[in-house]
Amino acid sequence: MGTRAFFHHREEEQKEERKQSLEMKSGTAVSPGQALHKASLQKELLELRAARAPLLWIPLRAHGVWENMDVTLACTVLGSPVPQATWYGTASTALPWPGGRDSCRGHRKLLRAQRCGTSRDRGGPEQHIQVNSLPLLCCPGELLQDSEGQELRCQGCEASLTVQCAHKEDEGFYTIRVPSLHGYKEQTTYVFVRDAEALTAGAPGSPLNVRCHDVNRDCLLLSWVAPSDDGGSPILGYLIERCEAGSEQWVQCSAQPVRGCRCPVLGLAEGQTYQFRVRAVNKAGTSHPSRASDPVTTQDASRDKRVTGWTIEISKDDLEGHIKIPLPPTNVHASEVRDDYVALAWDEPDPRGREPLNYYVEKCLVGSSSWQMVNLETPANSPRFALFGLEKGKSFRFRVRSVNKFGISEPSVPSAPVLAGTQEVTVSPPSPPSQVLAFRDTRTSVVVQWDKPKDGPEPLGYYIYCRETGTEQWQTVNNKPVTGSEFTVPGLQPGKEYVFCVKSVSDAGLSESSPETDPIVVRPAIACPSAPRDFVLLHCGKAEMTIGWKAPKHKGGTKILGYFLDQHEPSEPDWHEVNARPIPRRVCTVSSLQEGHLYQFRARAMNRAGVGAVSEPSDLFRCEEWTMPEPGPPHDVRCTEVRDCSLQLHWEAPLYLGAGPLTGYFIELCEEGSEEWKQINKQPTGTTHMKVCTCPECPGAACPALTLIPGRVPCRCQTWKEASATFGVDEEGFIYMAFEAPEKNDSSEFIWSKDYEGPPDPDRVQIEEEGNRSKLILKEPSEKDLGVYSVEVTDVDDDISASCTLTKEEPVLCLGFPWCFSLPPVIKLISGWNVDVLEKGEVRLWLQVEKLSPNAELHLIFNDKELTSTPTHKINFVKEKGLVELIIQDFCADDKGMYTAQLKDGKAKNQFTLALIDESNCAGSVVCEGRGGRAQHQHHPPCSSGWDFVLNREIWEFLLNSSLYFTPPALSATPLKIQPTEEGIKIYTEVKYYTDYMKTTWYHKEKQLESRDRTRAGSTMNQLWLHILEPGEADRGKYTLEIFDGSSSHRLTLHNPFLFCELNFPAHLQLHNPFLFYALNFPAHLQLHNPFLFSVSPQTLCLTCCVSGDPYPEITWFKNEKVIEFKDRYKMDVKGSMVTITIERVCNEDTGKYSIYVKNKYGSETGQVTISVYKHGEIPIGTDDTNLPPQQPKLDINHSSSSAQ
């Protein structure tokens, strides 16, 4: 027996002896004078009887703390006698709390942190961590005690810990440990201190762990740890600030940012106390300052070496009074070589002399004999010095001279060559960790493990990052580096899937991210189940017993595969197995027993992780045959849908029915800790379920005047809305009920029931499951579907369940959904039925709906008979356009009647009816499909509108004889015309109709044209066209269009495509070079289209251009760079975007350069054209009229444009 076990056993013996003694004393008669003493003995006896080990009833939970945000850590502890409690970090010993034995029984413990931050100056607002009724020790890694930065206080029933200016260094795991007679109970939580919001968006987080090393008289070495958050861009460096003791003014030490995470600080005063802090810098800005370092005082680091005695201090200085001119230093060497500085160190001369020494440092390029002093103005007071700004790639040698008030020494022996810019001490970023793995831990945490980097020095720590699957945003898990190779990530969302990565941190900064872990769902790790409990005898015969029990409280995160049952008699020490194979049910009949003997039973549960702990033995059951008329006990009593003041109670019917059939059940309950049972239903209930509710507004439920389980979701019977459930109509128009359970594990199942009597009818509902979500869909909603729908999740430790009530008066209780058994969604109509007559006399009936899927179906019904596509009645169904088309050849009287298009696309459907009748039969009935496929019959009056096409006799005769009016399309083509466009000109002809079987061919100078970059041919329903882009000289000539309709062809010719129409100019007016279009570079919001269009009559010339702009521009016309005054023969007309100048009675004086100037606040444009007016018979020089027909006038237009911004 171990020492602790021995003392524990002895303590129990003493406790029992004391108990018996008190019982004897309290049972004897006492005189009135002894009443007080007896009362105290009885009180002590009650306390001993009430003794219980400490229990953390409601444990701590993880917290993430924002700066300036209040946070409360809460737990509830039970224990008697009053336990002593201590705050712990990772220390292994307990520290009793000062203040004695405060009552902790039934109290709620609070830990409150106010205004937590990561960047506050000394003397700023305090941050409080407060614990009510429970002393705690809380600090990552050490036992907390009273200090300047933290205060422990215990007063009455309240204990508190106050921390001033909490920073990221205060982040970590906090453990509460409560010692008592039976050992310790403890709980651990993680407090995450987030970076304060950056002053500039994208700035990095603040550095941490600023420390001072190698402190000398005028210099020291400063180090820190890079922040976990770089703000989205690499950290460029760090700014160092210092503050003298007694001052609150921070002074920047370095003019330029320091690249690494350690740097020497020079120019300090001897004997002065300093604090330092650091800011990180990236391209976005500067971070908040770090937490200030511990105060440090500069001093002579070699003083202790020079002291030769301790009782009487005798310094070597006192023995070296004969030294006047100092000796040179020795051992000059480079102690650290970084990318941006070289740190030198040396030993003081020996003997040194009494007088204080200073030092001058000299440098020299290797291969040169020229020495240069680098600190002439500020000699060093300590045997340390750092040189910045040395030219990289060059080698230097260094030497040092000592100086005192008597003079200067000879130079020391030069150091070995030092190559500037090389990194003797590796400062490259560390390598990332490898083999990063994530494992399940609890319902809100995951354990992440990794291997340390194999190359380079060991990192200072690691940062962990997590990301929810499906998102791109990485979240920082810890702002304080973790030193081990394992970390438990707390505060995750149950049931969510995450990936993790890790970064190493060293003096050089952060490494690259490690490879991501495989995605992991946050669920408890699989473990062996706890022990079964609450054994009950359900039936008994002469030689057999039927035993039942309840499932373990903790199922181990997976399904219980079965149970092993053992039995024994009290007289036998050994237990015997009842079953060699696991029993799947929690009811077992044990046979081969002896009548009249007493038996005990115990059981163990098994899951995928193994066999769990054995249960406590059951009560003693006697094997005697049951013959009583009363029924046996119900069993497997359990609760679901537990809320603040209600729950749903379930049980199984008894196995022994007694003398007759069961007539009902009575339900009793009592409060925890009480033995008084109260019946809650006056009349027996005939079902094996019942709702127990203390809410008076809940109809149909037992309402005892008792308070049920506290701390649950408020009742008001909203068991569905309060439990991550949804109700509504989905996109396909079906009523559904959905339930989401993030705590569900891999083996859990969703169990749906209706009215708590069993699964819903599969013919009326459809159940779909995806991940953590289950969805019940009503196939064809009706009054048969009214009732209570409940769902619960199996194989979980806590109750996860909900219910939804559908009633005729109030279908969805307390959710406010109107009772509408919504029909499937309808297909949306775009254009209703239309009637067209095509070129060959066919009659076309068509309608258009929204875009349909490739699986859409069409049924076309004519007078109650379904049509199929035939040569005379061709059906076209273009699903991607939603087009339904019926083309009828040789339309006759037999084709009048009712046409109905029935469409179905998945669960969406609709139908549309056309009544095609004449005046003699205009009264009729139209069937219109509604939502969900229901038909609504609407009787229309004579001559109704909509999709009832009532045709008068003339139109009806036209349809019947439409083929007689058919004209070959080629003969309906109009002469070729020209239309200006923004890109060029379009030559076109108009036809009455155009179909795909018509073949068209364009020719230019008898050469067939093909569509290419600058020439494009096309057609519309009523037009054939050729588009010429950016026309030039090569595009002049004759253009011909040939149309072939299958039986005959027709040719249309245009001789000069640059003339907008045949112009009948007077004989004395000839215009040339009819280039009408060119591209302009317009300023913003200003466009000048088709600058000049010409229309000429025998007496009038019109210049027209299209102008646009926002705001609408100002317009000015010029002739020969002079503003035109619009009077007499000159007139201007503005109609929308068309601006026209009209010149009446054209003559030779009208020859000249015309221009238009448009301007708004965004810019201006200028368009120019030159017009030459010639006498009859004159031919302008350079005009080639070979392609012009006889008597064709010529247009001479030279144009240009310019723009100003």
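Visitor: Among contacts in the protein between residues at least 6 apart in sequence, what percentage join residues at least 24 apart?
Guide: The model is predicted, and the contacts considered here are those between residues at least 6 apart in sequence. Of these, the share that joins residues at least 24 apart is 62%.

Visitor: How many helices and how many strands does the secondary structure of the protein have?
Guide: The protein has 1205 residues, of which 44% count as buried. Its accessible surface comes to about 63000 Å², with 49% belonging to carbon and sulfur atoms. The secondary structure comes to 5 helices and 82 strands.

Visitor: Which residues have the most contacts inside the largest nonpolar core?
Guide: In soluble globular proteins, nonpolar side chains tend to be buried together. The largest nonpolar core here has 24 residues. Elements that give two or more residues to this core include β12 (220-225), β13 (237-244) and β16 (273-282). The residues with the most contacts inside the core are L220, L222, W224, Y238, I240 and F276.

Visitor: Is S293 buried or exposed?
Guide: S293 is found in the loop between β17 (285-286) and β18 (296-297). Not counting residues up to four places away in sequence, S293 touches V210, C212, Q275 and F276. Its relative accessible area is 3%, and the cut-off is under 20%, so S293 is buried.

Visitor: In the open sheet of 3 strands, which are the edge strands?
Guide: The sheet has the order β43-β44-β47, and the pairing is antiparallel. Neighbouring strands of this sheet are turned by 25 degrees against each other on average, direction ignored. Each edge strand pairs on one side only, and these strands are β43 (635-640) and β47 (689-693).

Visitor: Which residue in β44 is the bridge partner of C639?
Guide: β43 and β44 form a hairpin with 5 residues between them, and E641 in the turn has a positive phi of about 50 degrees. The two strands run antiparallel and are joined by 4 bridges. In β44 (residues 646-652), the bridge partner of C639 is L649.

Visitor: Why is β44 largely enclosed by the rest of the structure?
Guide: β44 stands between β43 and β47 in the order of its sheet. It is joined to β47 by 5 bridges, with Q648 opposite K691. β44 is largely enclosed because, of its 7 residues, the number that are buried is 6.

Visitor: What is the average twist from one strand to the next in the open sheet of 4 strands?
Guide: This sheet has the order β55-β56-β60-β59, with antiparallel pairing. Its edge strands are β55 (829-837) and β59 (873-878). From one strand to the next, the twist averages 10 degrees.

Visitor: Which residue in β60 is the bridge partner of W846?
Guide: Strand β56 (residues 843-849) and strand β60 (residues 883-888) run antiparallel. They are joined by 6 bridges. In β60, the bridge partner of W846 is E885.

Methods. Residues are numbered from 1 along each chain as its sequence is written. This is a predicted model: local features need pLDDT of at least 70, side-chain atom pairs count only at pLDDT 80 or more; totals for chains, interfaces and linings use all residues. Side-chain values use heavy atoms; hydrogens and water are left out. Buried means under 20% relative accessible area, exposed over 50%, partly exposed in between (1.4 Å probe, protein chains only). Contact means heavy atoms within 4.5 Å. Accessible areas come from the Shrake-Rupley method with a 1.4 Å probe; for residues, only the protein chains shown count as cover. Two strands pair if DSSP finds at least two bridges between them. Axes are lines fitted to C-alpha atoms, for helices over the stretch in contact, and angles run from 0 to 180 degrees between N-to-C directions. A nonpolar core is a set of buried Ala, Val, Leu, Ile, Met, Phe, Trp, Tyr and Cys residues joined through side-chain atoms within 4.5 Å.
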